[in-house]
Amino acid sequence: MPSTETITLHNPLDMHLHLRDGDMLRTVAPLSAHSFSGAVIMPNLVPPVTTADDVKSYKERILSAIGKERFAPYMTLFFKPDYDSAFLESLRDDITAIKLYPAGITTNSEGGVSGFDVETLRPALEAMSALDIPLCIHGETNGFVMDREAEFIPVYEKLATAFPNLKIIMEHITTKESVAALDRFENLYATITLHHLFITLDDVAGGMLRPHLFCKPIAKRPEDREALLKVALEAHPKVMFGSDSAPHPQHAKESCGCAAGVFTAPIALQALAQLFETHQAPVEKLQAFISDNAQRIYGITPPKKSVILQKQPFAVPAAYNDVVPMFAGETIDYRIKEVIDG
Ligand code: DOR
Ligand code: ZN
């Protein structure tokens, strides 16, 4: 990216976002709503979002938390194998995707799926195919932590083959194996987070333990990060930005039994601008990665919003209320100069 003074991003989208509920929702939702046009909202509340009422009332709480910002919360349901086509049809206009968690794999996923038997999943997944509802998957097995994502690839392959008309989004990919799988199946897509483009396991645990960088899937090897960077910087047409910004209170991160999740929402666009500039990637690629690919893949038209980023030092706050962001206390190269509706 040429080092011009400002760059403008149109209608940025975060295709994987945790907003939580209650006080935390009121802290974090305005931060995303300020700089993004919309976001796919994860359903792993306690209890998870599984009913029409859950989806509608959670959306209302999000809209009330963001006040006057123009921002589309793209709602999701927490996948249950017993969803039938009548239920899904009745909710078609209220949801953008359904999120599948393997049982117990991460924060609040205890009610997820155990075993990936195609016949058990067939009724729900065929109904989703017919209604063109994308399936977002947290793709990890419960094997050795560094191998969980690569071990899950056969599940993606099985589902992609059995349900060829179902859009399957491999969420927050972290490995070169997942990047390679993208090109083998027409109906596989992926989101990539900010933190997995910046860090490897060394940054988390190579020196003093850095709990604010601990997340699931755990950051992997340098060659994995390189593979992610390549497809992000070239804006591979099947890849979208999804922050997986996952806020936890400071005491839950800086504790014995650290919660998984990196909070990136308020610094994501600034850090992405810096990353693309560092790698001399054209701004058009950043635009495709941050919005255009997602609009095409999901068939969505977000509210119009232009975010003007300026190349000027930005001192990242130590915390937003009691949530510590990535790069807390550090200075990054871009700041948000202005956000224009329209
Ligand atoms: O690090 C993570 N945090 N990974 C997830 O999959 C869930 C998320 C959360 O909800 O905290
Ligand atoms: Zn997530």
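I began with cavities and found that the space taken by ligand 1 is the largest one. A cavity here is a set of points, on a 1 Å grid over the protein atoms alone, where a 1.4 Å probe fits but cannot get out.

The model is predicted, so local features need pLDDT of at least 70 and side-chain atom pairs pLDDT 80 or more, while totals for chains, interfaces and linings use all residues. Residues are numbered from 1 along each chain as its sequence is written, chains are lettered from A and ligands numbered from 1 in written order, and side-chain values use heavy atoms, without hydrogens and water.

Next I listed the shell of ligand 1: 13 residues surround it (a heavy atom within 4 Å), and Arg20, Asn44, Lys216, His248 and Ala260 are the closest. I sorted the shell into three nonpolar, seven polar and three charged residues.

I then checked polar contacts (N or O pairs within 3.5 Å). Oxygen atoms of ligand 1 lie 3.4 Å from a side-chain N or O atom of His18, 3.2 Å from a polar side-chain atom of His138 and 3.2 Å from a polar backbone atom of Gly261. The protein covers 100% of the 290 Å² of accessible area (Shrake-Rupley, 1.4 Å probe) that ligand 1 has on its own.

Last, I looked up the zinc ion, ligand 2. Its protein donors (N, O or S within 2.8 Å) are His16 (NE2), His18 (NE2) and Asp244 (OD), at 2.0 to 2.1 Å. I wrote their spacing as H-x1-H-x225-D.

Key: Polar contact = N/O pair within 3.5 Å; in protein donor to acceptor, adjacent residues only side chain to side chain. 1 Å grid on protein atoms, 1.4 Å probe; cavity = no way out; pocket = protein on both sides within 12 Å on 5 of 7 lines; lining within 4 Å. Sits in = over half its atoms within 2 Å of the grid points. Nonpolar A, V, L, I, M, F, W, Y, C, P; charged D, E, K, R; others polar. Donors = N, O, S within 2.8 Å, 3.2 Å for Na, K, Ca; no water.
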